[in-house]
Amino acid sequence: MKKVWIIAGGVVVVAAVSAPWAVGKLTEQHWQSATEQFNASQPYFVMETDAYERGYLGSEARGQLFAVDPDTGERYPVGWTGDISHGVTSSTIDFEFDFADDAGMEAVFPDEKPTVTVTTSAWGSSLVELNVPAIDYIDDSSGESLNVSASYATLNISDNGETLDAKMQLPGLVLRAPDGRLSMENLTLDQHASLLTGKLWTGDATVTLDKVSVASRDEPELVLEDIRMVSNSEADSSAEQFGVTTSLTLETVSYGDEAQGPHRFEFGLSDVSVAAWNNLLESVSELQAMSAGSASDPQQAFEQQMQATMALTGSIEAMMADGLSSHADLDLSSPEGPVTGRLTISHPEQEDGEPVPLMMIARTIEGEMSVKLPRALADRYPELGEELMPLLIQGLLVEEGDFYVMEASLNNMMVNLNGNEMPLPVPGMGGGLSPQM
């Protein structure tokens, strides 16, 4: 029995001694994989590793982080150094960045600098932590000042990079200038996302902002309170279709002594083909890559761009053939009464599954739109009344009691506008709305 315990103890010791080396090896592999996925997932940043020196209890990495202009392909480098410590089951990477404008960084962060720490585990998960110290900066030459509370952001990556959980909080910010002041209170982000397929992610996200105020000389203060944006996307049980809904709410807007609210806007897509949408994202990424690249043969570049454009068009046509619907809702509060708007657009699924040519989609698309706003609002703001007058003359708006109203629908290339039917104008075929109806 004693021999068994000696052997078991020896195994534990060997495991404990070798664990940092094994974790260091895994960390290097995870780092290479993570940077490749990061560079491939978006066109705005490129992480390059110039050197990775792995040791027993620690390692050191050096490289460049490039900010990329997707339109021109121009890259702006920032050097970085990573100090990596190996534990029994995880490694921690502390980053330092070499900013080109050291004087500016010293002025804004004279004592503490922002820190980025990445912790990777042996089972493949990673935690990225950004901590930004408080800022108290005054520009003596301009009289401008910036005060920012200490803030943080975290990104938890798991399931081999296919699940992301992000959090961020900025408690407060005040920017002062001789002619005005901008302040912001408690900006937060909470997001969960899972990779569905290809480039398509689903999940939910919430962004909140307690208050924003803008004050300028000789003008009343503008204050926005309780801003919230919520987005949710999910696929059906078969993962063949997905939908997304995003809403933006604003509880109160005040300008001087006058306050209005609440206000709300919502946009949604439903019954969207996962395969077609993913092909659409792939085509857009390919076009962006071509725009950023510099081809030596202009003719070849033109042909490649035409092929990518045709692929983009084909993915849109395939997506419409599978059917989808969208909606947008607007609700605004005013002292004169509510302002509301609703728009729904849908395209039915094609029975034979054949893509509908992009130029012919207008023949099969369906939709409804309604708008309602108080007449008193136009009376109070003459500029708005002048904008609405042509719409009233053409019959796009009609009077119903104390409101101006528009009710419209589209079906089989026919528009029903406030009870009047007319064919949908086709570009190049003439037609249009009559000056008077």
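Helices (H or I, at least four residues) and strands (E, at least two) are taken here as DSSP runs, numbered from the N terminus. The model is a predicted one, so local features need pLDDT of at least 70 and side-chain atom pairs count only at pLDDT 80 or more, while totals for chains, interfaces and linings use all residues. Residues are numbered from 1 along each chain as its sequence is written, and side-chain values use heavy atoms, with hydrogens and water left out.

Of its 437 residues, 29% are buried, where buried means under 20% relative accessible area, exposed over 50%, and partly exposed in between (1.4 Å probe, protein chains only). Taking contacts (heavy atoms within 4.5 Å) with a separation of 6 or more, 48% link residues 24 or more positions apart.

Now for helix α4 (298-321). Its 24 residues reach 34 Å from first C-alpha to last, close to the 34 Å expected at 1.5 Å a residue; the expected span is 1.5 Å times one less than the number of residues. The buried residues of α4 are A308, L312, S315, E317, M319, M320 and A321. After α4 comes G323, with a positive phi near 85°.

M319 turns up again in the largest nonpolar core, a nonpolar core being a set of buried Ala, Val, Leu, Ile, Met, Phe, Trp, Tyr and Cys residues joined through side-chain atoms within 4.5 Å. This core has 31 residues, and V272, M319, L388, Y404 and L417 touch the most other members. At least two residues each come from β14 (241-255), β16 (263-273), α3 (274-292), α4, α6 (375-380), β21 and β22. Apart from this core lies another, of twelve residues, including L170, L173, L187 and L209. As for Y404, leaving out residues up to four places away in sequence, its contacts are V371, K372, L373, R375, A378, L388, L392, L397, V398 and E399.

A pocket is an open set of points, on a 1 Å grid over the protein atoms alone, where a 1.4 Å probe fits, with protein on both sides within 12 Å along at least five of seven lines; lining residues have an atom within 4 Å of a point. Among the 13 lining residues, M369, A408, S409, L410 and V415 lie nearest the centre.

Some backbone details stand out. Most residues other than glycine have a negative phi, and most peptide bonds are trans. M413, in the loop between β21 and β22, has a positive phi of about 65° although it is not a glycine, and is buried at 16% relative accessibility. N186, within strand β11 (residues 180-197), also has a positive phi, near 55°; its relative accessible area of 21% makes N186 partly exposed. The peptide bond from G261 to P262 is cis, with omega near 0°, and P262 sits in the loop between β15 (258-260) and β16.

Finally, E74 lies in the loop between β2 (58-68) and β3 (75-86) and is partly exposed, at 43% relative accessibility. Beyond its neighbours within four places in sequence, E74 contacts A67, V68 and D69.
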